[in-house]
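Please open the structure in your viewer and keep the selection tool at hand. The tour goes from one selection to the next.

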There are 2 protein chains.
Amino acid sequence: MSSVPGWANVEERRNLPPALAVSTVILGIREGKDGGPDKLCLPVVRRVRQPHAGMWALPGGPVDPRESLGQAAGRNLAETTGLRPSYLEQLYTFGDIDRSPTHRLVTIAYFALLNADQVGATVQDDNVAWFDIDDPQIAQMAFDHRKILDYAMWRLRNKTEYGQIAHRLLGERFTLAALRGVYEAILGRRLDPANFRRTLKSTASIEETDEYLAGGQHRPPRLYRYVGHGPDPLEVDPLHG
Amino acid sequence: MSSVPGWANVEERRNLPPALAVSTVILGIREGKDGGPDKLCLPVVRRVRQPHAGMWALPGGPVDPRESLGQAAGRNLAETTGLRPSYLEQLYTFGDIDRSPTHRLVTIAYFALLNADQVGATVQDDNVAWFDIDDPQIAQMAFDHRKILDYAMWRLRNKTEYGQIAHRLLGERFTLAALRGVYEAILGRRLDPANFRRTLKSTASIEETDEYLAGGQHRPPRLYRYVGHGPDPLEVDPLHG
DNA sequence: TCAATAGTGTCTATAAGACACTATCTT
DNA sequence: AAGATAGTGTCTTATAGACACTATTGA
């Protein structure tokens, strides 16, 4: 192990204090190709230095002593991808001893959602790329980032309140079909349009607008707006961390 | 602020790397007094040094560079209370800049459950005490520990699977009435014994034994055993962290 | 007109709660 | 026998899914 350039040996590692970093799973949604279901996708960055140079990794970086953890996540995310998410939530802290070969690294993982306008709109950079959540190119990732991504998906699928997060993957106004697409992408199965409509309207977390979306070759759907209720007690302000 | 002995001033704080600590919310259950509902309770430790000397705090301490976060939680818990929990789960990481007045402190909060035998069985120590979850004496706690406790309760109440955690607050065998007591303490309301029985037996996560609990002045209840299904992907091994 | 999706109505299966009832222990 | 909790049966109501049906647009 210690023959790899730049890797500390065991004795050195024991004397280093743990480094603190944040990494963020950033999810957006894009429309399914030729009638298929919508897909969740995410931007990843290519590592340019050791360890794991050349592999895809979650965007992230060190925590500055003068910023909170949420601020660190927001800043790193903006710096590496140019994105400002509509939602930011702390996921889990990964601190196993051997998760980085070079030093003791404790990473606070965050989970961010982008609305439809932002998907694909990262800064032009050869070292940033978007993949569908099930793309084999990110089956392997640097460090334990694949485990972090899997955990993010597990958390997403086990959310009791999809309403809170689903609307943040869309714009401010959306059709019920678009909202259903989000649910289908998260749950990984098709939902009955009729039942979906009824269930959602009965929860009263969405509200009709007077606008309709024209252009499709069918009856124009009504646009809806999300009317949120109280957030989770520790939800992060995506702008101020 | 900097007049308090031992408190660093702002300039000093900016140069200090964040300290890493773990704190644990340890919950057990005890029987309600004179027919009242069962109550959740927890051990807390009295701080003997600044800051917040004299106040009650969650058990915890620093993370050693050579141990994982879960190991740190388990070790600190054993050292301060003498307890070995049956369940340990990572809760959330608190890292606001001003959460400790003396230095930048990042705390990974854990959540532990004790079974009935262990409640009250801490090491004899004047600086360790048990309180009911709603005891006014812990309405205020050191640092942001009250916020951590509130968040732990919120997470507990929002668990989709109570079965997984309820049985860890009891022994290996338990009556349905005891299990119902756990649910009632968590949810904060009484449940219909008949419906509770049916609902729980239909989930099939518990199994009958051939034993009965004698001694009460009523028909002796059957004892049940928990038959778990797969854990959460990041559940912590309470013995090995 | 047709294709396509929007949106409604209604039936059914399942689960949750209320509550009356029977069973079996200790004192 | 009395008192207490164990455990069963059954009715009502709320909800999720299946699926047939009508409505309204662009081509």
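What follows is a list of stops, each with something to select and a note on what is there.

Before the stops, some ground rules: this is a predicted model, in which local features need pLDDT of at least 70, side-chain atom pairs count only at pLDDT 80 or more, and totals for chains, interfaces and linings use all residues. Residues are numbered from 1 along each chain as its sequence is written, chains are lettered from A and ligands numbered from 1 in the order in which they are written, and side-chain values use heavy atoms, with hydrogens and water left out.

**Stop 1: the two chains**

Select chain A and chain B. The same surface serves both copies, since 100% of the contact residues of chain B recur in chain A; contact means heavy atoms within 4.5 Å.

**Stop 2: DNA strand C**

How many residues surround DNA strand C? There are 20, and the closest are A:Ala194, B:Asn195, B:His218, B:Arg219 and B:Pro220. By class, this surface has 5 nonpolar, 7 polar and 8 charged residues. Ala, Val, Leu, Ile, Met, Phe, Trp, Tyr, Cys and Pro count as nonpolar, Asp, Glu, Lys and Arg as charged, and the others, Gly among them, as polar.

Now colour by helix and strand (DSSP runs, numbered from the N terminus: helices are H or I of at least four residues, strands are E of at least two). At least two residues of the surface near DNA strand C come from each of α5 (176–187) and α6 (193–203) of chain A and α6 (193–203) of chain B. The largest share, 4 residues, is supplied by α6(B).

On the DNA side, 56% of the atoms of DNA strand C within 4 Å of the protein belong to sugar or phosphate, and the rest to bases.

**Stop 3**

- B:Asn195: an N or O atom in its side chain is 2.8 Å from a base nitrogen of DNA strand C.
- B:His218: a backbone N or O atom lies 3.3 Å from a base oxygen of DNA strand C.
- A:Arg222: a backbone N or O atom lies 3.1 Å from a phosphate oxygen of DNA strand C.

**Stop 3: salt bridges**

A:Glu208 lies in strand β9 and A:Arg222 in strand β10 of chain A, so the pair ties together parts that are 14 residues apart in sequence.

Next, select B:Arg75 and B:Glu79, whose salt bridge has an N to O distance of 3.2 Å. Both lie in helix α2 (residues 69–81) of chain B, 4 residues apart, about one turn of the helix.

Then select B:Arg168 and B:Glu235, a salt bridge with its closest N and O atoms 3.6 Å apart.

Last, select A:Glu172, A:Arg173, A:Glu207, A:Glu211 and A:Arg225, which are linked in a network of salt bridges. Over all chains, the structure holds 38 salt bridges.

Conventions:
Near = heavy atom within 4 Å. Polar contact = N/O pair within 3.5 Å; in protein donor to acceptor, adjacent residues only side chain to side chain. Salt bridge = Lys/Arg side-chain N within 4 Å of Asp/Glu carboxyl O.
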